[in-house]
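Me: Could you help me read a protein model? I would like to go through charged pairs and then the nonpolar parts.

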Amino acid sequence: DRAKPAVPFGGLYRIIDFPLSNCLNSNLRKILVLTQYKARSLDRHLNLGWNFLSPQLDEYVEVLPPQQRIDEHWYKGTADAIYQNIYVIEKANPKYIVILAADHIYKMDYNKMLEYHKEKNAACTIAVIDVSLEEASRFGILNTNEDGSIYEFEEKPAHPKSTNASMGIYIFSWKELKKYLTEDEFKEGSSHDFGKDVLPAMLDAGERMFAYPFEGYWKDVGTIDSLWEANMDLLDPKVTLDLKDIYSRNPMMPPHYVSNEASIQNSLVADGCNVYGNLEFSILFAGVTIGKNATINSSIIMPGAVIEDGAEVQFAIIAENTVVGKNAKVGQNPEETENIDDWGITVVGANTVIKENTVIRS
């Protein structure tokens with residue numbers, strides 16, 4: 001019911017807060033956000049939480065929905081989204097342009113990547129992360145020479161030649177990118193996508209294209225499973241993802257309250273929560289209430305949800321303002337499942353009321 005970048009994450013944030021914070025921490029403060037599907041929640045978050053940059057210093061986070069300025073179409077693909085806003089980009093007169101996906105969880109200094117781009121005198125630089133050979137077939141793979149130059153793209157190859165997975169983070173020299181975007185816009189049969197169309201065209205034309213190796217935590221949060229996994233990673237001491245300089249909108253609620261009857265282990269609890277039950281390896285967003293003798297295990301409870309007395313929630317995602325009634329049971333531990341192939345994360349949508357003693361499994 002909302003654009004993925006606007007989905008709550010980590011107890012306080014929205015997914016888009018990560019690439020936006022990376023921009024600020026990299027001192028990149030001319031930011032355009034190209035929105036399309038179900039963007040109201042995203043627009044509201046950006047207007048309320050990211051309006052602190054200074055227009056007087058030519059800093060901005062500007063939302064650009066499709067305007068049909070060039071033709072009658074909405075954004076037809078990732079490349080077309082940039083092309084339709086060429087006039088806005090040109091007004092800033094950039095030499096380089098950084099293009100980011102808004103549904104990834106990671107921290108990165110884009111300035112280091114930009115310096116690499118300049119050193120290589122590249123037309124395009126693509127961030128890559130080393131994945132296992134078993135995982136490589138799930139990604140776009142970049143095959144490179146010893147100097148990091150790219151000689152081949154493989155989209156989800158069955159037999160990958162390398163493990164350099166594209167992260168969907170690009171730096172372009174604007175002059176070259178503008179040329180290829182314009183050519184692609186009028187190319188018959190193009191899907192107007194960077195990975196499928198623009199980047200291969202640049203490679204075929206012999207442009208200087210390089211892979212920039214990234215080391216650190218990175219997660220593409222594009223599915224329910226990956227959303228749950230990325231949240232749980234925040235609770236894993238082996239995962240080095242520090243949230244201290246990730247910015248977001250403060251919910252402006254009182255401190256959370258934990259009763260002497262409650263038990264909390266290895267969890268994140270946001271402001272405004274009231275905890276009377278048992279919490280283990282879970283994340284509570286702002287304004288959540290956990291009733292007496294309720295048990296929450298390996299779950300994500302989004303803002304304003306109420307888990308009433310005696311209820312049990314495990315391996316689940318409970319969306320905003322949902323009420324789980326007394327003694328209800330939501331979700332199931334995979335270790336207690338007879339057929340693991342039938343198991344999955346249980347998801348309860350926003351504003352749902354689950355009646356007392358109801359049992360909902362994955």
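Me: Is Glu59 buried or exposed?

Reply: Glu59 is buried, since its relative accessible area is 16%, and buried means under 20% relative accessible area, exposed over 50%, and partly exposed in between, with a 1.4 Å probe and protein chains only. Please keep in mind that this is a predicted model, in which local features need pLDDT of at least 70 and side-chain atom pairs count only at pLDDT 80 or more, while totals for chains, interfaces and linings use all residues. Residues are numbered from 1 along each chain as its sequence is written, and side-chain values use heavy atoms, with hydrogens and water left out.

Me: Which residue forms a salt bridge with Glu59?

Reply: That is Arg29, and the closest N and O atoms of the two are 3.9 Å apart; a salt bridge is a side-chain nitrogen of Lys or Arg within 4 Å of a carboxyl oxygen of Asp or Glu. Glu59 sits in the loop between α2 (40-49) and β4 (60-64), and Arg29 in the loop between α1 (17-25) and β3 (30-34), 30 residues apart. Helices (H or I, at least four residues) and strands (E, at least two) are DSSP runs, numbered from the N terminus. Arg29 is partly exposed, at 29% relative accessibility.

Me: And what does Asp58 pair with?

Reply: Asp58 forms a salt bridge with Lys30, with 3.1 Å between the closest N and O atoms. Because Asp58 lies in the loop between α2 and β4 while Lys30 belongs to strand β3, the pair ties together parts that are 28 residues apart in sequence.

Me: How many salt bridges does the structure hold?

Reply: There are 13 salt bridges. One of them joins the side chains of Lys4 and Asp103 at 3.5 Å, N to O. Lys4 is in the segment before β1 (8-9) and Asp103 in the loop between β5 (96-99) and β6 (104-106), so this pair connects parts 99 residues apart in sequence.

Me: New topic: which residues have the most contacts inside the largest nonpolar core?

Reply: They are Leu20, Met108 and Ile169, in a core of 33 residues. A nonpolar core is a set of buried Ala, Val, Leu, Ile, Met, Phe, Trp, Tyr and Cys residues joined through side-chain atoms within 4.5 Å. Elements giving two or more residues to this core include α1, β3 and β10 (164-173).

Me: What else is there apart from that core?

Reply: Another core, of 26 residues, lies apart from it, and Tyr180 and Phe194 are among its residues.
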